[in-house]
Amino acid sequence: MTTMSSLYMYSLTVQPPSATTQVIVGDFCGVGKQQILTANGSVLSILEVSRQQKGYSVLHTHDVFGIIRGLASFRLAGASKDYIIVSSDSGRICTLEFILDEQRFKPIHLETFGKSGVRRVVPGQYLASDPKGRAVMIASVEKNKLVYILNRNVEGELTISSPLEAHKPQTLVYAICALDVSYENPIFAALEVDYSESEVDPTGKAYEEIEKQLVYYELDLGLNHVVRKWADTVDRTANMLFRVPGGNYGPSGVIVCGEESITYRHINQDALRVAIPRRSGATEDPQRKRYITAGTMYTLKGGGFFWLLQSEDGDLFKVTLDMQESQSKPSGAVRRLKIKYFDTVPVATNICLLRSGFLFLACEYGDRHLYELTNLGDADDELVFDSDSFPVDHTEDYTPVYFKPRPLSNLALVETIESMNPIMGCHVANLAGEDAPQIYTICGTGARSTFRTSRHSLEVLDLVESELPQPATSVWTTKKAVDDEFDTYIVLSLTSMTLVLSIGEDVEEVTDSGFMKETATIAVQQFGEDSLLQVHPKGIRHIAASGRITDWPTPLHRTIVACASNNRQVAIALSSGEINYFECDSDGSLAKSDDEANTTGTVTCLGLGEVPQGLARTKFLAVGCDDCTIRIYTLYPDENDERLKQLSVQAVSSPPSALTIMAMKDRSSQGSSLYVHVGLHSGVYIRTVMDDVTGELSDTRRRFLGTKPVKLVRASVKGENAIIALTSRPWLGYADPKNSSLALTPLSYLPLESGWSFTSEAFRGMIGIHAQDLRIFAIDKIDSNIHQESIPLAYTPRRFVAHPEQPLYYVIEADNHTMAPPTRAKLIGDQDQKMNTKSEDGINGDTNELPPEDFGYPRARGNWASCIQVVDPVVDKQVLKTVELEQNEAAVSIAVVTFLSLGSENYLAVGTAKDMIVSPMSYTCGFIHVYRFKDNGRDLELIHKTQVEEPPLAMLAFKGRLLVGIGRDLRIYDLGKRQLLRKSQAIEVSPSRIMDLQTQGSRIICADQRESLTYVVHKEEENRLIPFVDDSIARYATCITMNDYETTVGGDKFGNVWMLRCPPKVSEVADEPGGGLHLLHEKGYLGGTPNRLDLLMHYFTQDIPMAIEKTSLTPGGEKVIFWAGLQGTLGAFIPFESRKDLKMFQQLELALRNEDKPLAGRDHLAYRGYYVPVKGTIDGDLCERYLLLSNDAKQRVAAALDGSWNPAGVEAKIWNMRGLYVF
């Protein structure tokens, strides 16, 4: 084996990023309706929108293991589906086809054109395809543009040409767009700036006079080359292009968007320009200009088209063109450009409008939304502004136009897709006292910020709740006949009686059902064609459709202790250890077999599978005994016509409490396999594969679910077989929609004593018993195994901290360029004093403040709105207290600290910056506010605030005092009566600015914004803070946590996670008793400390880690390194405990790099080592791709591993790494 690091981690994504960076629309399935293709980080997802379901569903997801820079769709002439073009950091252009039947992306071409990575001269940043599917242009930020011709060969297969160059040196590109020119030569438009003159002009005059141009590039299909056809100067602030329909549908050309400017431009056509309307209101700045940040075009079925363009405030504007009635002249085809206010929605990165009338909004932050277009905005009273009122030259004077924002009138919200983007902070804790910890995150920006509580669970739709006359132990539903569509009865087993209810418009008790009511019930079964069975401790009752009742009593002094049944078979276990077997006779009666089985111990449970289609009986019976064994018996007669012969046995760790035999979907060659599901008294669930010929058991999966014995219930979710396990909380076992492996997820529901499937005309779901309540619920979504609860916040959250004793969190929030509440109130009050109606100029007449969660806060350049909020996520689930910060202060850090000099009382310290400008960083001063907790932490009382020279970006409780990082300095404060008292200080501990602190004992870890970590030791004898070791690489740290006393794991703003360790000898020297003079006099190395940290692990995640901690995510599970990324990613690093497992996963990762290469052509090893070569980490996301391979490919990969590995063993190892440590 090769030389390894002393520590190896297994990286897993718990939740993929939810920030959508690219969106396109097309018929990728070839079914005649559009789907949505999204790019979230490195994940491609196809969403299908259904009008019937009034929502969306995820068809397929695929991790391309690369940075997706651009997406485009095209359709060849005569084709029935759209193809996909992906530009990424691989330096290759990738064309894909989605195969619906196989649920996969099929790579068609991977054409290399440049270096890998995101570089300004390598094409890939901009991508545009011809509307007729004949060509595609891919461009870089500077200089290079390539055009590929798309065609099909004689076999009808897609072909792509060699690239045609359209390069122009010393030119910056801001946007490109493909024109709609029907079947003429394809034309691509680009916004360009030629900086050749300004680069050689030291005076800067050339830069002041630089011009931005709209350039047309024409692809001559006859001569097979690209020419620069036309160029014209446009607004210097222009940054976005939108295509105008051409051919028989429109005049062609482009819409150019700039600062408060929307212009129609085309060759041989006069330019037309309208200004972007500004908001009117008492708190709005009438001089502030807007940009267009996103938009889409919609073509009407009966002819016509319009654009929906969104400003940076989220306002949607409808833009249309007025056409000349006579279009015989080549110029003058467009007469007028019009704009009007449409609606206001959250600010988006991409907007897609489907032909079906749905609008998909990929929000820049927060949840994504799906709207339905209810009106086209033609019948409202909104003012229409046209190009006749505005000069074409944007430098000329014009009168701004204004509009009044209002609630939605043309769009209706259909569904919200939850998104944590952006995550600003994360903490894992079990404040609710549940089996597993909860994940608490602060997310979003502005008024759409939220405090979210995330649990590993599936969302449950609660349908009906009804109180029972007394507690019940079991519940069943049953049909009267096998062909019935809906259930007829609900049967409840009470303490010593049975209650039968009818299912209809009203649920009523039934007296003539034939069930024995004076005893408890063990099982209920619809039997044969139209009979019912009731199994009770003293026997079996057979109820025929005619009403005839037949009872089979148990032998004397024996009772039934377990039962299993299906539509044609019944097996019972007696208290004496005997197992009796019954079948359905030809007349539908109950026929007992002469064969019996005797067990050495007491039978605790039985399991029977459903009768396979076309057969008379199922083959196997599973028996669980109190000697901790599971035995498999055959129900088929052998050559001696004998049944109940033991085939196999499996030992378990605890007596079985429940057994079920059921086929479930998987990726085997048959599409499903037969499984034995086992619940143990210890709370462990086991699923093992049963050979459907021999009955042998293999490939066992185990997981601890809860503290109570497990009960198992058959279920159906999304048309597939599933299993519900009832213990201290309910769980659902199902086939994962992504890879068909076993997924075990708890339900976000109350604990249930019993459950069963439920089908009626009104509901389809499950029925269960909780305490004395009968509940009906449904499980609709299994796409995400994380359930979120949101609490709205006021501003963008920056950091948060938990109360040490109460289930409360304290969140500091701050928004830049935002009007503070006192200023807003003053402006509205002043306007009310002046007039109660609109002002004469129509600018600031409306004094009603708009809801900020829908319309955002009023902007005010240079101002900060900041506050501290007390959040209760467990009991009240709301914000309890808000403390607004005044005098243009912005909260930047927070800590809970106990000052030992004043006893054991806890205090809240909040660091603020006054008049802060983020870039370049400037400020007036900083403050440290100290608050006292009141009402058990539900309220705050300000004690005092202390002024400091710089903003305190990091604070931490340390030895009964407050440790503060102020700029490059590290200080220790104690609490005084009027202000904080400085007790110790270390000058220039960090090279630039301390942004995070961690501590254990006397050791302090300082994270620098640009220069990685510095270890500092506090010597109490001399009250000194002495830095003794730092890093050799400049890391732009964003978050850190201590893995142990010598090891720190952190993340940086380039998307890397790394682990650093202090050398053991250096650590020992630093902890030597004394005043630390030996550390002070040690000579520094290269301007830093005398020693350097060792790198143990390095891994590129493609998301900026914002929080990281060492914690356990599962009940009784080992601790892992859990991290949260800015784009909504949740991930974990799991340490390897076995060298054998590490070796297997190393070889598996190496084999998969060749067997399952990344979709977009990126080299996987280079991708995970984007800035620094990957070290000490196995990519678990790549290893899980093994589950999606074909059976032949799995065999090849397993054969390449050292040792006797088979596909089932490899799959079990992959499943255990996720199932036992994370979820």
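These legends go with close-up views of a predicted model.

**View 1. Helix 7 packs against helix 10.**
Start with helix 7, which covers residues 1139-1155, and helix 10, which covers residues 1191-1199. Their axes are 10 Å apart and meet at an angle of about 140°. That angle makes helix 7 oblique to helix 10. The crossing of helix 7 past helix 10 is right-handed. To find the contact, look for Leu-1148, Ala-1151 and Glu-1155 on helix 7, facing Ala-1193, Arg-1196 and Val-1197 on helix 10. Sorted by class, this contact has four nonpolar residues and two charged ones, with no polar residues.

**View 2. Helix 10 also packs against helix 11.**
Stay with helix 10 and bring in helix 11, residues 1207-1219. Here the axes lie 9 Å apart, at an angle of about 85°. Angles of 65 to 115 degrees count as roughly perpendicular, and helix 10 and helix 11 are therefore described that way. Helix 10 brings Lys-1194, Gln-1195 and Ala-1198 to the contact, while helix 11 brings Pro-1207, Val-1210 and Glu-1211. Three of the residues in this contact are nonpolar, one is polar and two are charged.

**View 3. Glu-192 and Arg-228 form a salt bridge.**
Side chains of opposite charge can pair when their charged atoms come close. In this view the side chains of Glu-192 and Arg-228 meet, with an N to O distance of 3.4 Å. Glu-192 sits in strand 16 (residues 187-194) and Arg-228 in strand 18 (residues 225-234), so the pair ties together parts that are 36 residues apart in sequence. The count for the model comes to 69 salt bridges.

**View 4. Residues 463-778 carry a beta-propeller annotation in UniProt.**
The unreviewed UniProt entry gives this span the feature "domain: RSE1/DDB1/CPSF1 second beta-propeller". In the model, residues 463-778 are 56% strand and 0% helix.

**View 5. Residues 865-1187 carry a C-terminal domain annotation in UniProt.**
For this stretch, the unreviewed entry in UniProt lists "domain: RSE1/DDB1/CPSF1 C-terminal". Over residues 865-1187 the chain is 49% strand and 11% helix. The C-alpha atoms at the ends of this span are 49 Å apart.

Technical notes: Residues numbered from 1 in each chain as written. Predicted model: local features only at pLDDT ≥ 70, side-chain atom pairs only at ≥ 80, totals over all residues. Heavy atoms only, no water. Axes fitted to C-alpha atoms, helices over the stretch in contact; angles between N-to-C directions. Helix = DSSP H or I, 4+ residues; strand = E, 2+ residues; numbered from the N terminus. Parallel < 35°, antiparallel > 145°, perpendicular 65-115°, else oblique. Left-handed = near helix turned anticlockwise from the far one by under 90°. Contact = heavy atoms within 4.5 Å. Nonpolar A, V, L, I, M, F, W, Y, C, P; charged D, E, K, R; others polar. UniProt positions renumbered as here; feature names shortened; annotations may be inferred. Salt bridge = Lys/Arg side-chain N within 4 Å of Asp/Glu carboxyl O.
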